[in-house]
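Let's take a walk through this structure together, one region at a time. Have the viewer open and follow along as you read.

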Amino acid sequence: MTKHIVLLPGDGIGPEIIDATQQVLETIAKQFKHDFTCETQLIGGSAIDSVGTPLPDQTVEACKQADAVLLGAVGGPKWDQYPSHLRPERGLLGIRKALDLFANLRPVKGFDSLLNASPLKQEIIQGSDLIIVRELTGGLYFGTPSERLANGDVVDTLAYQRYEIERIIDKAFQTAQIRKKKLTSVDKANVLESSKLWREIVEEKKTNYPDVVVNHELVDACAMKLITNPTSFDVIVTENMFGDILSDEASVLTGSLGMLPSASLAENGVGLYEPAHGSAPDIAGKGIANPIATILSAAMLLRYSFQMENEAEAIEKAVEKTIESGYHTADLHVNGGKQVNTKEITKMIIKQI
Ligand code: NAI
Ligand code: MG
C-alpha cells in the first residue's frame, strides 16, 4: 500500500524521537512491502523561530492532504515568555482544531518486566491495561473569554456543546465494545454544569450499547483509584482537562511517561499520533530520550489510520521483546537490566521487527 505521512518533529526531544520512529516505519514498509513517503513540516517553537508563527498555513495544508500525521512535541523554556498567540502550544491546539481531532485515545498497559520501574507496588499495578478516551476540542483549553482583565483578575471559560459530548461518548462506548466492555465516565457532576450534561448524555447513550457496563466516577475519586486499584478500569472517558491530568497520572503505571502513546482521531478525517509526554527540554539534544511512546504511537497510526493490524502488532511485539530482554532508556528506573540511549534502543527494536 502507498501512504503519505506528515512528520511534525517540533521542539526539544521531538526531532530525536521522530527520527527514531521514522526508521521504524521504514523498516515496517520494507518488511511488509508498503510504500510510505514521509514529509517533514514545522510546528511549535521551531516554527515560531523560523517563520514567526507556531502553526504555518503550509503545515495545516500538508496535514490535511496526508494519510496520517506523526507529531513529536512542542514547547520549551525559550518561548515561555512569548505572548499567548505566539506560544508553541498554540500550534498543537491549532492543528487539533484544524483537523477536528475530537478523540484522544491513550492506552496504558504495563510491561511485566517494568513492574519494578514504577514507584507503585507491583501487586497493585500488575495486570493493569486501560485506555483513556479524552475529549480534545472543548472545555477550558478552548473556552472564551480566556484572559487577564484590566483590574488584574483573570477569567477562563469551560464550555461544551452537546454534540461534542455526544460524539466522544459514542467513541468511548465503541472502544469499550472491542475491549472488556466496561466504561467508566469521569466528571465532576456534583459541582459543574458541564459535567451534569455529560452524565445525562452517558445515561441517554447507554441504551444503544447494552453490552457495555457503564459507571460514573467523580474525577477526584478516579484520580485516587487509578493508582490504588488500576486493574478495576478498562475504558475511561472524560473531558479535555480531566483527561490531560489523569493520563499523566496513569503513566506512572507503566514506569515512565516515555512509554505512553496516543492517537487523536477525527470523525472522518486524518488522524494525528503523538507521545503523551512533552518536549522534555531537560534532556533534549543528549540522545537519551525514550523513543518508545512515539514508536508505539506509530503502531497506533498503522492500526487506526491504515488498518494495518499485523504491522501494528509487529511494532508492539518488537518493543515488548526489547524491553523484556532487559534493555531500557534512562527514564526507566529499573532494578537491573542495561541502560541504553535513543539510537541503541531504536536499533534493537528494529532488529526485533
Ligand atoms: P515533559 O513530558 O516534557 O517532561 C516531564 C519529565 O519527563 C521530564 O523530566 C522529562 O525529561 C521526562 N520525559 C518526558 N518524555 C520523556 C522521554 N520520551 N524520554 C525520557 N524522559 C522523558 O513535560 P514538562 O517538563 O512538563 O514540559 C516540557 C515542555 O513540553 C513544556 O514546554 C510543555 O509546555 C511542553 N509539553 C508539550 C506537550 C506536547 O507537545 N504534546 C505535552 C506536555 C508538555
Ligand atoms: Mg498533558
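**A guided tour of the fold**

UniProt lists residues 4–349 as "domain: Isopropylmalate dehydrogenase-like", in an unreviewed entry. UniProt positions are given in the numbering used here, feature names are shortened, and annotations may be inferred rather than shown by experiment. What you are looking at is a predicted model, in which local features need pLDDT of at least 70 and side-chain atom pairs count only at pLDDT 80 or more, while totals for chains, interfaces and linings use all residues. Residues are numbered from 1 along each chain as its sequence is written, and chains are lettered from A and ligands numbered from 1 in the order in which they are written.

Helices (H or I, at least four residues) and strands (E, at least two) are DSSP runs, numbered from the N terminus.

Now to the ligand. Ligand 1 is surrounded by 21 residues, with G75, G258, H277, G278 and N290 the closest; a residue is near a molecule if its C-beta atom, placed from the backbone, lies within 6 Å of it. This shell divides into 10 nonpolar, seven polar and four charged residues. Here Ala, Val, Leu, Ile, Met, Phe, Trp, Tyr, Cys and Pro count as nonpolar, Asp, Glu, Lys and Arg as charged, and the others, Gly among them, as polar.

How do helices α6 and α7 cross? The axes of α6 (residues 162–177) and α7 (residues 193–205) come within 10 Å and cross at roughly 50°. That makes α6 oblique to α7. For reference, angles under 35 degrees count as roughly parallel, over 145 as roughly antiparallel, 65 to 115 as roughly perpendicular and the rest as oblique. The axes are lines fitted to C-alpha atoms, for helices over the stretch in contact, and angles run from 0 to 180 degrees between N-to-C directions. Helices α11 (residues 309–324) and α12 (residues 342–352) pack with axes 8 Å apart, at an angle of about 120°, and are therefore oblique to each other.

The backbone has some details to look at in the loops. D100, in the loop between α4 (88–98) and β4 (103–109), is not a glycine, yet has a positive phi of about 55°. A280 is not a glycine either and has a positive phi of about 40°; its loop runs between β12 (271–275) and α10 (292–304).

Is A280 buried or exposed? A280 counts as buried because 24 C-beta neighbours lie inside 10 Å, whereas D100 is partly exposed, with 15 other C-beta atoms within 10 Å. The cut-offs are 20 or more other C-beta atoms within 10 Å for buried, 12 or fewer for exposed, and in between for partly exposed, with C-beta atoms placed from the backbone.

D57 lies in helix α3 (residues 57–65) and counts as exposed, with 10 C-beta neighbours inside 10 Å. The C-alpha atoms of D57 and A289 are 30 Å apart, across 232 residues of chain. G337 belongs to the loop between β13 (327–328) and β14 (338–339) and is partly exposed, with 16 other C-beta atoms within 10 Å. From G337 to K205, 132 residues apart along the chain, the C-alpha separation is 47 Å.
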